[in-house]
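User: Please take a close look at the cavities and pockets of this structure. What lines each one, and what packs around them?

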Amino acid sequence: QNQLPELTGAAREASLIRKITHGKFFGGTLADEHNFKNMSGRFRILHIAAHSFLDDQNPLLSCLVMSAPDDTADDGKLHAFEIMQMKLNAQLVVLSGCNTGYGVLRKNEGLISLTRSFLYTGVRTVAYTLWPVADASGARISSSLFRKLKQLNRLDDALRDSKLEFLEDADPLTAHPFYWAGYVVAGKAN
């Protein structure tokens with residue numbers, strides 16, 4: 001298996017969000033599939049900053065890449081079909097990774113994606129990306145989103161304001177929509 005590039009922005013992103021929310025942080029080897037499956041049902045907000053892969057042939061095999069300790073049967077890939085079987089109590093899931101809302105459109109099924117898998121569990125709202133995202137801009141938008149959520153009660157307003165804040169500080173290159181426009185929300189906005 002090819003070595004994936006380190007998401008240095010994700011570590012910064014998680015640290016900033018932890019400070020804003022006073023939440024629990026699972027990074028490095030603690031950010032494994034086994035811990036996620038066992039602990040995610042305890043939280044009302046889940047923020048996942050990880051690599052993701054889309055399987056065009058079998059979209060239920062699309063996955064989020066996590067750590068894989070040697071002492072479990074988990075392979076470090078949290079597949080869409082596994083997510084659908086989980087019992088989650090989250091009202092909000094933020095998927096900060098490439099193509100987390102992208103999927104395969106199937107007749108009579110709709111769009112099958114990682115986002116849909118989380119919504120299938122009963123999660124009220126999922127913030128996700130429509131295309132590959134830049135690590136640094138993702139960290140800025142995600143951390144700003146959580147700061148704004150503490151001030152506003154609507155997720156769509158908080159996301160819009162986070163994008164506008166990003167654009168205020170952007171240089172001509174990062175002002176391109178590629179760096180900020182791919183972040184969207186599905187579900188309830190309040």
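Analyst: The second largest cavity holds about 40 Å³ of space. The model is predicted: local features need pLDDT of at least 70, side-chain atom pairs count only at pLDDT 80 or more, and totals for chains, interfaces and linings use all residues. Residues are numbered from 1 along each chain, and side-chain values use heavy atoms, without hydrogens or water.

A cavity is a set of points on a 1 Å grid where a 1.4 Å probe fits but cannot get out; a pocket is an open set with protein on both sides within 12 Å along at least five of seven lines; lining residues have an atom within 4 Å of a point.

Ser 52, Phe 53, Leu 54 and Ser 62 line one part of the list for the second largest cavity. Cys 98, Asn 99, Tyr 102, Ser 113 and Leu 114 complete that lining. By class, five of these residues are nonpolar, four are polar and none is charged. Here Asp, Glu, Lys and Arg count as charged, while Ala, Val, Leu, Ile, Met, Phe, Trp, Tyr, Cys and Pro count as nonpolar and the others as polar.

How many cavities of 30 Å³ or more does a search of the whole structure find? Two. The largest cavity has a volume of about 50 Å³. Its lining includes Val 94, Leu 95 and Ser 96. Ala 127, Tyr 128 and Thr 129 also line the largest cavity. So do Ile 141, Ser 142, Leu 145, Leu 159 and Tyr 183. Strands S5 and S8 and helix H5 each give at least two residues to this lining. Helices (at least four residues) and strands (at least two) are DSSP runs. The lining of the largest cavity has eight nonpolar residues, three polar and no charged.

Leu 159 leads on to helix H6. In H6, Leu 159 is buried, along with Leu 155, Ala 158, Ser 162, Lys 163 and Phe 166. Buried means under 20% relative accessible area. These buried residues fall within an arc of 135° seen down the axis of H6, so they line one face of the helix. That face packs against strand S5 (92–96), strand S8 (125–129), helix H5 (135–151) and strand S9 (183–187).

The largest pocket has about 1,300 Å³ of space. It is lined by 44 residues, and Phe 26, Gly 27, Ala 31, His 47 and Ala 49 are the closest to its centre. Helix H1 (8–21), helix H2 (33–39) and strand S1 (45–49) each give two or more residues to the lining. H1 gives the most, with six. The lining of the largest pocket divides into 23 nonpolar, 13 polar and eight charged residues.

The second largest pocket has a volume of about 220 Å³. Of its 13 lining residues, Ile 45, Gln 91, Leu 92, Leu 149 and Asn 190 lie nearest the centre. Six residues of this lining are nonpolar, four polar and three charged.

Met 86 sits in the loop between helix H3 (80–84) and S5. Its relative accessible area is 12%, so Met 86 is buried. Beyond its neighbours within four places in sequence, Met 86 is in contact (heavy atoms within 4.5 Å) with Phe 36, Lys 37, Ser 40, Leu 78 and Thr 121. The C-alpha atoms of Met 86 and Arg 44 are 14 Å apart, across 42 residues of chain.

Notes:
Buried < 20%, exposed > 50% of the residue type's maximum accessible area, 1.4 Å probe, protein only. Arc of directions from axis to C-beta. Points joined across faces, edges and corners; volume = space filled by probe spheres on them.
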